[in-house]
Amino acid sequence: EDDDDEEAEEEELAFQLQKRLNPRKQKDFDVLQSELLQWRRREERKILITCGNIERKRELTKALLIKETCLLRKIEALKNEAHSKVKANKVEQSISKMAQPKTWETSYGDVIVETPETSLAREMKGMHDDVRKKIGKTPARIDLLQRIKLFLHRMHSSTTLVKDILVLVNREIEILQRDTAELGNDMLEGMRMRLTNLFAKLVFKTNT
């Protein structure tokens with residue numbers, strides 16, 4: 001029984017550690033904020049008790065403030081990342097639902113029907129899924145971007161959204177056809193995210 005209790009305690013500690021390393025819910029971030037506050041108060045007491053020199057106390061207090069600010073920024077970055085993941089998951093679920101065949105109720109039972117709208121939604125979903133993937137081999141990425149261009153031209157749309165997507169697609173193709181080593185992955189990743197978000201908007205606008 002003691003072994004079981006010890007194992008359960010270890011599992012709980014591992015779970016709590018994972019939440020700290022990979023917070024997802026608001027209560028996880030509330031715990032991080034609370035722990036940060038407790039840490040700061042402990043450090044302040046430590047400075048107050050151990051440091052008698054006023055100038056040294058100011059230096060340590062300033063250093064503590066800098067550390068706290070840095071940790072707050074990290075928590076905020078983790079929070080933004082978690083919110084982005086939740087939003088991306090919701091978008092993906094909505095797009096997947098659009099691409100599903102329609103189910104019609106008849107006197108003979110449910111009939112699954114493929115419509116031009118669901119076919120279009122599924123085609124767009126496939127492109128959206130590919131666009132949001134991490135940029136891999138250059139030829140495959142360029143081929144995907146060319147397919148998106150052809151698709152947009154087939155739409156015969158001159159909306160601002162379509163024009164913005166075409167600008168991003170052409171810019172990325174041009175960059176990929178050059179030496180990308182000088183540009184770095186951050187720039188390409190930023191372009192991928194912007195294209196993913198714009199294409200998701202196009203999916204919703206086209207299918208709702």
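# Salt bridges, helix packing and cores

Arg147 has a relative accessibility of 38% and therefore counts as partly exposed, since that class runs between the limits of 20% for buried and 50% for exposed. The model discussed here is a predicted one. Asp143, at 46% relative accessibility, falls in the partly exposed class as well. The side chains of Asp143 and Arg147 form a salt bridge, with an N to O distance of 3.8 Å. Both residues belong to helix 5 and are four residues apart, about one turn of the helix. An α-helix has 3.6 residues a turn, so residues three or four places apart point the same way. The pair is part of a salt-bridge network that links Asp130, Lys133, Asp143 and Arg147.

Glu123 and Arg154 meet through their side chains at 2.9 Å, N to O. This pair links distant parts of the chain, with Glu123 in helix 4 and Arg154 in helix 5, 31 residues apart. Glu123 is partly exposed, because its relative accessibility is 33%.

Another salt bridge pairs Glu68 with Arg40, whose closest N and O atoms are 3.2 Å apart. Glu68 has a relative accessible area of 12%, so Glu68 is buried. Arg40, at 24%, is partly exposed. In total the structure holds 13 salt bridges. Side chains of opposite charge can pair when their charged atoms come close.

The next topic is the packing of helices. Two packed helices are described by the angle between their axes and the distance between the axes. For helix 3 and helix 4 the angle is about 145 degrees and the axes are 8 Å apart. On the helix 3 side the contact involves Val91, Glu92, Ile95, Ser96 and Met98, which meet Thr118, Ala121, Lys125, His128 and Asp129 of helix 4. By type, the residues of this contact are four nonpolar, three polar and three charged. The buried residues of helix 4 include Thr118, Ala121, Lys125, His128 and Asp129, along with Met124, Met127 and Val131. Helix 4 has 16 residues and should span 22 Å at 1.5 Å a residue; the distance between its end C-alpha atoms is 23 Å, which agrees.

The largest nonpolar core has 30 residues, and Ile148, Leu152, Ile165, Val169, Leu195, Phe199 and Leu202 have the most contacts inside it. At least two of the core residues come from each of helix 3 (54-98), helix 4 (116-131), helix 5 (138-155), helix 6 (160-177) and helix 7 (185-207). Helix 6 contributes the most to this core, nine residues. Apart from this core lies another, of five residues, including Leu32, Leu36, Ile75 and Ala82.

Helix 6 has 18 residues, which should span 26 Å at 1.5 Å a residue, and its end C-alpha atoms are in agreement at 26 Å apart. Its buried residues are Leu161, Val162, Ile165, Leu166, Leu168, Val169, Glu172, Ile173, Ile175 and Leu176. Beyond its neighbours within four places in sequence, Leu202 is in contact with Leu161, Val162 and Ile165, and also with Met124, Leu152 and Met155.

Definitions and conventions
Residues are numbered from 1 along each chain as its sequence is written. This is a predicted model: local features need pLDDT of at least 70, side-chain atom pairs count only at pLDDT 80 or more; totals for chains, interfaces and linings use all residues. Side-chain values use heavy atoms; hydrogens and water are left out. A nonpolar core is a set of buried Ala, Val, Leu, Ile, Met, Phe, Trp, Tyr and Cys residues joined through side-chain atoms within 4.5 Å. Buried means under 20% relative accessible area, exposed over 50%, partly exposed in between (1.4 Å probe, protein chains only). Contact means heavy atoms within 4.5 Å. A salt bridge is a side-chain nitrogen of Lys or Arg within 4 Å of a carboxyl oxygen of Asp or Glu. The expected span of a helix is 1.5 Å times one less than its number of residues. Axes are lines fitted to C-alpha atoms, for helices over the stretch in contact, and angles run from 0 to 180 degrees between N-to-C directions. Ala, Val, Leu, Ile, Met, Phe, Trp, Tyr, Cys and Pro count as nonpolar, Asp, Glu, Lys and Arg as charged, and the others, Gly among them, as polar.
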